[in-house]
Amino acid sequence: MKNNLELPKDGLAGLKENFASDAASGFIVFLLALPLSLGIAKASEFPPIMGLLTAIIGGIIVSLFSGSRLTIKGPAAGLIVIVAGSVAEFGGGEQGWHLALGAMVVAGLVQILFGVFKLGKMMDFFPLSAVQGMLVAIGLIIVGKQIPVFLDVNPILAKGKEPLELFASIPEFIANLDPKATLIGTISLIIMMGWPYIKNPIIKKVPAPLVVLAIAIPAELWLNFQTTEPKYALVQIGNLLDNIKINASFDGFAQTGIFIKFVIMLAIVGTLESLLTVKAMDMLDPFKRKSNANKDLIAIGIGNTLAAFLGGLPMISEVARSSANIANGAKTRWANFFHGFFILAFLLLAARFIELIPNTALAAMLITVGIKLSHPKVFIHTFEKGKEQLLIFLVTIFFTLLVDLLAGIGAGIVTEILVNLFNGKPLKAIFSAPTEVSFTEDAYLIEISDAAVFSNYLGIKRKLEALPAGFQVTIDLSRTHLVDHSVMENLEQFKVEYEQNGGSVALIGLESHESLSGHKAAAMKRKKD
């Protein structure tokens, strides 16, 4: 069914028409983004002020030509693992930061090329359970890296430790915790974790990070952190104007393997997270507008290239801030602009207040993000989709924790291919599926043969996207040996989107298949004769 709401205007006309709602939402998102951007930068081994620089560029500049109307651009917790890893592998400290920035500049240029060559559809190549496993592993790594900060232990105790080593060192961290700083962190964590359970609609509108700062900063002043605690207990940001210069160095290209690895990881994972967010926000948009994913990738790539040159973190379309933006009544891309504008204004006029924030409070915010990403219910939901999906999910987590994100997602893809072969996918169908399109009267028939799986879905998707709106579409899967979970999810999503534009979609031909679990989008395998 088509949306009957009158669409908000875009451009300067949209600014005039929706000024009040977009400015109000942008202000609320600014309150949410300020502490999170600081915490993400610090966790990424970047100067904290550079998290704010990225949010400013993502808001004030990227919003002007982005392809999605309601997403908020800024630093993301999901990239902490890659960014911190790049700094460490390039030597750590200030040198590692400068060299990592060089790889980030190139990754930004790669993202621009992704958009230019219309590769926004690439997200459909990755099996959904592997993507979910990657996100869970990122969540676990965030928690592991933030525990020593949360306990305010000397950073030397955690320096150079891999994720599994950090978890193994928790008893040592607890033995060396700072009681006063940990108390503030604990209160902050309770607020962050408990805020979603508050029922009062008025109180619920106040961002939890703002409540944390409203309590943590006075508590820090009362406990006199500035004279009784080490420097690492408080955020140190410095002056914005002093820090804005060309900070990227391309000397890291001499370490070719490391340089290329992080260009690939930053470009692919950043792009994947952005595309997933854009897709999710389109579903939440009350006006049901469709984003231009490729245009948005170009905008983010430009923002990332500029931010990296100046020393900032890579940005994505960030899901929590984008969701808050929609929930608070944003209408157009100007809400993202205002969020960046308010951060810039606060940084120029009230920077000294930022340096009163205890790092344990920021750690509590990031631990909350990590817990949400790696919550036990994610494991349960994955198991409900099928045992084979849980296997792919767990393999991705294991190799991500053991090696890195690139190895993790690669292991997940290989596992899915092997699982699909085991379940009857013909070898010739790994990357292609014969797909015939025929038209009679007012109906389209799509017949898919051999197998419909994640690795050949891009070809199927091209045929589906070429269909004009408003027709009866039947997708016949009777000649397939296997339809995997990722394709079942994608076909259901296609059905929803096509029917929103006045058409109808029917999936047929699965009567001779058996479901690999009770989930509505479970993989479907042909029954043995």
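Helices α20 (387-402) and α21 (405-422) each supply at least two residues of the lining of the second largest cavity. Helices here are DSSP runs (H or I, at least four residues), numbered from the N terminus. A cavity is a set of points, on a 1 Å grid over the protein atoms alone, where a 1.4 Å probe fits but cannot get out; its lining residues have an atom within 4 Å of a point. The model is predicted: local features need pLDDT of at least 70, side-chain atom pairs count only at pLDDT 80 or more, and totals for chains, interfaces and linings use all residues. Residues are numbered from 1 along each chain as its sequence is written, and side-chain values use heavy atoms, with hydrogens and water left out.

The lining of this second largest cavity includes E388, Q389, N420 and D484. By class, that lining has five nonpolar, three polar and three charged residues. The largest cavity is lined by residues including S68, R69, D285 and R289; its lining divides into three nonpolar, three polar and four charged residues.

D285 and R289 also meet through their side chains in a salt bridge, that is, a side-chain nitrogen of Lys or Arg within 4 Å of a carboxyl oxygen of Asp or Glu. Both D285 and R289 are buried (under 20% relative accessible area, with exposed over 50% and partly exposed in between; 1.4 Å probe, protein chains only). The structure holds 14 salt bridges, and the table gives three of them.

| Salt bridge | N to O distance |
|---|---|
| E89 and K261 | 2.8 Å |
| K161 and E172 | 3.4 Å |
| D285 and R289 | 2.9 Å |

Because E89 lies in helix α4 (residues 80-89) and K261 in helix α14 (residues 256-284), their pair ties together parts that are 172 residues apart in sequence. E89 is partly exposed, at 36% relative accessibility.

The largest nonpolar core has 112 residues, and F46 and I354 have the most contacts inside it. Such a core is a set of buried Ala, Val, Leu, Ile, Met, Phe, Trp, Tyr and Cys residues joined through side-chain atoms within 4.5 Å. Helix α2 (residues 19-43) gives the most to this core, with 11 residues. Apart from neighbours within four places in sequence, F46 is in contact (heavy atoms within 4.5 Å) with residues including V83, W97 and L313. A second, separate core of 22 residues includes I460 and M488.

Notes
1 Å grid on protein atoms, 1.4 Å probe; cavity = no way out; pocket = protein on both sides within 12 Å on 5 of 7 lines; lining within 4 Å. Nonpolar A, V, L, I, M, F, W, Y, C, P; charged D, E, K, R; others polar.
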